[in-house]
Amino acid sequence: NATSTTATFTIEDTMAPEVMAAADATVECDGAGNSGDLSNWLDSNGGATATDACGGVMWTNDFDALSDDCGATGAATVTFTATDDCGNATSTTATFTIEDTMAPEVMAAADATVECDGAGNSVDLSNWLDSNGGATATDACGGVMWTNDFDGLNIACGPTGSSMVTFTATDDCGNATSTTATFTIEDTMAPEVMAAADATVECDGS
């Protein structure tokens, strides 16, 4: 004589993957968005790893774009999500940052010496200042703005004089490099003389 009963044995997966957290990454600005660095970081899930006892794991992330900071810098906070074959998910968040800590590279300013024109040589001085004393600057991460500390000429003989000027190149993120040169007005020309003339007079007795 027999009697039967039926039951079901079920293997279920309710456990999300175990995740070792992603890590923040900071890179120096290359002026072109650091696309290689960013791509490698995203592809590696920010360095995060995941294991799941019941099957495989698929990674996704919510990266959209970098913020627009100074120059070509920026940052993005990204959530990486590990999802197992049964739809259980664990997330970890980290930030990718492009920073600019490098000051502009500067080719030094050059001293300038001009002959005195008697009127302050204003054109020569203005051209020298406007050209930053001949200095040039480049910056990998953005533009450069020039300033200088010219305050006036130190007066010497006549309308000659000189001024030591510091030219400063500042990038979009506030990093700066300076170079110094001197503008000099000199007088090396002797006076122009109309020759004296002989004089002959008749004796007047006194």
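## A side chain to backbone contact

In this predicted model, the side chain of Asn88 reaches the backbone oxygen of Asp13 at a distance of 3.0 Å. Asn88 is located in the loop that connects β5 with β6 (89–99). Because its relative accessibility is 16%, under the 20% cut-off, Asn88 counts as buried.

Beyond residues up to four places away in sequence, Asn88 touches Asp13, Thr14, Met15, Ala16, Pro17, Ala82 and Thr83. One of these, Ala82, is the bridge partner in β5 of Trp59.

## The sheet

An open sheet is formed by four strands in the order β2-β6-β5-β4, with mixed pairing. On average, neighbouring strands are turned by 20° against each other, direction ignored.

Strands β4 and β5 run antiparallel and are joined by five bridges. Helix α1 (residues 35–43) packs on the sheet and touches β2, β4, β5 and β6. The direction of α1 makes about 165° with that of β6.

## Gly74 in strand β5

Gly74 belongs to strand β5 (residues 74–84). With a relative accessibility of 0%, Gly74 counts as buried. Its contacts, leaving aside neighbours within four places in sequence, are Leu66, Ser67, Asp69, Phe96, Thr97 and Ile98.

Gly74 and Ala199 are 125 residues apart along the chain, and their C-alpha atoms are separated by 87 Å.

Technical notes: Residues are numbered from 1 along each chain as its sequence is written. This is a predicted model: local features need pLDDT of at least 70, side-chain atom pairs count only at pLDDT 80 or more; totals for chains, interfaces and linings use all residues. Side-chain values use heavy atoms; hydrogens and water are left out. Helices (H or I, at least four residues) and strands (E, at least two) are DSSP runs, numbered from the N terminus. Buried means under 20% relative accessible area, exposed over 50%, partly exposed in between (1.4 Å probe, protein chains only). Contact means heavy atoms within 4.5 Å. A polar contact is a pair of N or O atoms within 3.5 Å; within protein, one must be able to donate a hydrogen and the other to accept it, and residues adjacent in sequence count only if both atoms are side-chain atoms. Two strands pair if DSSP finds at least two bridges between them. Axes are lines fitted to C-alpha atoms, for helices over the stretch in contact, and angles run from 0 to 180 degrees between N-to-C directions.
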